[in-house]
Amino acid sequence: MASPDQDLALALDKDGVRLTVEDTLATVTLTNPAKRNAQTPALWRALAEAGRLLPGSVRVVVLRGEGQSFSAGLDRRMFTPEGIEGEPTFVDLARRDDAGIDATIAEYQEAFTWWRRTDLVSIAAVQGHAIGAGFQLALGCDLRVVADDVQFAMRETSLGLVPDLTGTHPLVGLVGYARALEICVTGRFVGAEEAVASGLANLAVPAADLDATVRDLAAALLAAPRDAVVETKALLRGAVDRTYDEQRTAERAAQARRLRDLAGLGE
């Protein structure tokens, strides 16, 4: 894998989002540490654009935030009557019909969905606060490595809203319904130790070691053959919706494809 200063290509740098590519590894960085990487619709559009701009060579994507916090959630201006210039306020959104509200939220969600594409493995490197939209963005990734100072929280319900940026499905899958309900409704903080114990995070490390640990994990993921990783991810992602016997069948079909490819007999 390339060193940090070797073959580094800047593909996007706008609205608080920077995308860099090093051969098979891409890094998406939230770049507004002065506001604790608060999120806006413009940032969401930039994140969605980053996903569209990924070269086909990329196999692993790292998501990180500059500064002390990964992301403290929505920009507070979104909760004010004035809102953010050029963007709909919550009141504006509420005045739309159901189809209009649905279309707007679906557009916002695009920033949170592409991280789980079958052809990629995504890793969120999370330090400090990951609140609300920040929590849901981390949940959008396949894997989470956290610093020992991490503080996850889902605050939407406390504000009279619901988590709507695709975080509820992975949260329930990771920690179970009862714990997910309790985390969302109370809005409490989840620290590093609980995050690892509950399955919310893969591992926790000292904050100073976070970037190096994530880079080592990325290298380990890249060491496996790409097609086998893609098939394995698809197999595991689909397991939750299959019966035991259906999963056995899916395993056999996936292995048959791998065997033919290895023997040079693939279609």
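Four bridges tie β5 to β7, and these two strands run parallel. Strands here are DSSP E runs of at least two residues, helices are H or I runs of at least four, and both are numbered from the N terminus; two strands pair if DSSP finds at least two bridges between them. Within this pairing, Ala124 stands opposite Arg144 in β7. This is a predicted model, so keep in mind that local features need pLDDT of at least 70 and side-chain atom pairs count only at pLDDT 80 or more, while totals for chains, interfaces and linings use all residues. Residues are numbered from 1 along each chain as its sequence is written, and side-chain values use heavy atoms, with hydrogens and water left out.

Now look at the other neighbour of β5. Strand β4 (residues 60-65) is joined to β5 by four bridges, and this pair runs parallel too. Here Val61 has Ser122 in β5 as its bridge partner. How many of the six residues of β5 are buried? Six of the six are, so the strand is largely enclosed by the rest of the structure. Buried means under 20% relative accessible area, exposed means over 50%, and partly exposed is in between (1.4 Å probe, protein chains only). Both faces of β5 are covered: Val121, Ile123 and Ala125 are buried on one side, and Ser122, Ala124 and Val126 on the other.

Step back and you can see the whole sheet. Seven strands make it up, it is open, and the order is β1-β2-β3-β4-β5-β7-β9 with mixed pairing. At the edges are β1 (9-14) and β9 (203-205), each of which pairs on one side only. Neighbouring strands in this sheet are turned by 20° against each other on average, direction ignored (axes are lines fitted to C-alpha atoms, for helices over the stretch in contact, and angles run from 0 to 180 degrees between N-to-C directions).

In the loop between α7 (192-198) and β9 you'll find Ala201, which counts as buried at 4% relative accessibility. Ala201 and Val146 are 55 residues apart in sequence, yet 6.7 Å apart in space, C-alpha to C-alpha. Setting aside neighbours within four places in sequence, Ala201 is in contact (heavy atoms within 4.5 Å) with Arg144, Val146, Ala195 and Val196.

Next comes helix α9 (residues 226-239). Its 14 residues reach 20 Å from first C-alpha to last, close to the 20 Å expected at 1.5 Å a residue; the expected span is 1.5 Å times one less than the number of residues. Glu231, Lys233, Leu235 and Gly238 are buried in α9, and what covers the buried residues of this helix includes β5 (121-126) and α10 (244-262).

Finally, the aromatics. There are five aromatic pairs in the structure. Rings of Phe, Tyr and Trp (its six-membered ring) pair if their centres lie within 6.5 Å; planes under 30 degrees apart count as stacked, over 60 as edge-to-face, and the rest as tilted. Trp114 and Trp115 are stacked, at 3.9 Å centre to centre and 25° between the planes. Trp114 is buried at 8% relative accessible area, and Trp115 is buried at 0%. Trp44, Tyr108 and Phe112 form one aromatic cluster.
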